[in-house]
Amino acid sequence: MAEFTITKSTLDDIAIVSLHGFLDAHTASQFEQTLGEVINQGMHKIIVNFAELEYISSAGLGVFMVFIEGVRAKNGDIKLAEMQPRVFTVFDLLGFPMLFEIYEQQQDAIAKFGSNA
Amino acid sequence: MNNSRMPLPSLVRMHNMEQRNPYRYELTIPSDLSALVSTRTFVESSIASCGFPDTVVQQIVLAVDEACSNVIRHGYANTNDATLKLLIETTDKGVTISIIDSAKPFNPLQVQAPDMQEYFRTFQHGGLGVHLIRRIMDSIEYIPSSSSHPENELRLVKLLPVLPS
């Protein structure tokens, strides 16, 4: 398996970005580039699915900080879904649940975007 | 005072009985972020039998990843033709991990701990690796290179929880 891969899909005006493998200082630039491309295509409602992400370090968390202000300024958001406990722990250690909505199920994140429409 | 007849919790008794010498593990990696994967595997396998819960093992692995990332990115400025050495010593008290490099000194202890509420309010980024290391490890010591000590050394310590006797 590759160290880190990303798959993308869309559901109406929502972009779903799914992460697989290890997101660290080596692979964070790949994620930053992909998320930047999604936003540059005009998508501002973004769900990042973590179901198959095995590991994250601060470089990965930093990518969310790069884009969150911009997408919220355009009435969008980056919502996070389906984290494994070891990944959630890292977000939690740094207090990221203060800034980001984190859902156990992707469906709940989709519904939250829908309710804001 | 004679404690010898007092019953002890099983974990403490196991530690007291072991009285083992330190185990030492060593790994040299290139100053390249692609080496972080194998570094994490090395740290995890070295400390696996120390007695830390899995969640703590994972956090120690993360702290070492953050420390090595900082040396590669800030110390070596992403030049990938140098090396870092990791020394891990495990005892019945816990683990000490030394990260040794020949880069420009980068003292993580000089990085100010962020106020996370302010950090999020103003949408800052960067600087979280050192904050994570501080949150995870029990002690952090930095010895910059000098004429008597030609390499920089960052020493991270995590102690096993002491159970009440």
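Guide: A residue is buried if 20 or more other C-beta atoms lie within 10 Å of its own, exposed if 12 or fewer, and partly exposed in between, with C-beta atoms placed from the backbone. This is a predicted model, in which local features need pLDDT of at least 70 and side-chain atom pairs count only at pLDDT 80 or more, while totals for chains, interfaces and linings use all residues. Residues are numbered from 1 along each chain as its sequence is written, and chains are lettered from A and ligands numbered from 1 in the order in which they are written.

Visitor: Why is Asp12(A) called exposed?

Guide: Asp12(A) has 9 other C-beta atoms within 10 Å. Exposed residues have 12 or fewer, so Asp12(A) is exposed. Asp12(A) lies in the loop between strand S1 (4-11) and strand S2 (14-23) of chain A; helices (H or I, at least four residues) and strands (E, at least two) are DSSP runs, numbered from the N terminus.

Visitor: Is Glu82(A) buried or exposed, and what makes it so?

Guide: For Glu82(A) the count is 22 other C-beta atoms within 10 Å. Glu82(A) is found in the loop between strand S4 (77-81) and helix H3 (85-93) of chain A.

Visitor: What is noted about phi in Asp12(A) and in Glu82(A)?

Guide: Phi of Asp12(A) is near 55°, a positive value in a residue other than glycine. Glu82(A) has a positive phi of about 60° and is not a glycine either. Most residues other than glycine have a negative phi.

Visitor: How do you know that Ser139(B) counts as exposed?

Guide: Ser139(B) has 11 C-beta neighbours inside 10 Å, and therefore falls in the exposed class of 12 or fewer. Ser139(B) belongs to strand S4 (residues 139-143) of chain B. Pro164(B), in the segment after strand S5 (152-159) of chain B, is exposed because it has 6 other C-beta atoms within 10 Å. Buried residues make up 32% of the 165 residues in chain B.

Visitor: Why are H1(A) and H2(A) called roughly parallel to each other?

Guide: The axes of helix H1 (residues 28-40) and helix H2 (residues 58-73) of chain A come within 9 Å and cross at roughly 20°. Axes are lines fitted to C-alpha atoms, for helices over the stretch in contact, and angles run from 0 to 180 degrees between N-to-C directions. Angles under 35 degrees count as roughly parallel, over 145 as roughly antiparallel, 65 to 115 as roughly perpendicular and the rest as oblique. H1(A) and H2(A) are therefore roughly parallel.

Visitor: Which classes of residue form the contact of H2(B) with H3(B)?

Guide: The contact of H2(B) with H3(B) has 8 nonpolar, 2 polar and 3 charged residues. Ala, Val, Leu, Ile, Met, Phe, Trp, Tyr, Cys and Pro count as nonpolar, Asp, Glu, Lys and Arg as charged, and the others, Gly among them, as polar. Two residues are in contact if their C-beta atoms, placed from the backbone, lie within 7 Å. Among the residues of H2(B) that meet H3(B) are Leu36(B), Val43(B) and Ile47(B).

Visitor: How many residues does each chain give to the contact between chains?

Guide: Chain B and chain A contribute 22 residues each. H3(B) gives the most to the side of chain B that touches chain A, with 7 residues. By class, that side has 9 nonpolar, 9 polar and 4 charged residues.

Visitor: How confident is the predictor in chain B?

Guide: Chain B averages a pLDDT of 87, and 87% of its residues score at least 70; pLDDT is the predictor's confidence in each residue, from 0 to 100. Over residues 1-19 of chain B the pLDDT is below 50. Where pLDDT is low, the predicted coordinates should not be read in detail. The complex receives an ipTM of 0.93 and a pTM of 0.89 from the predictor.
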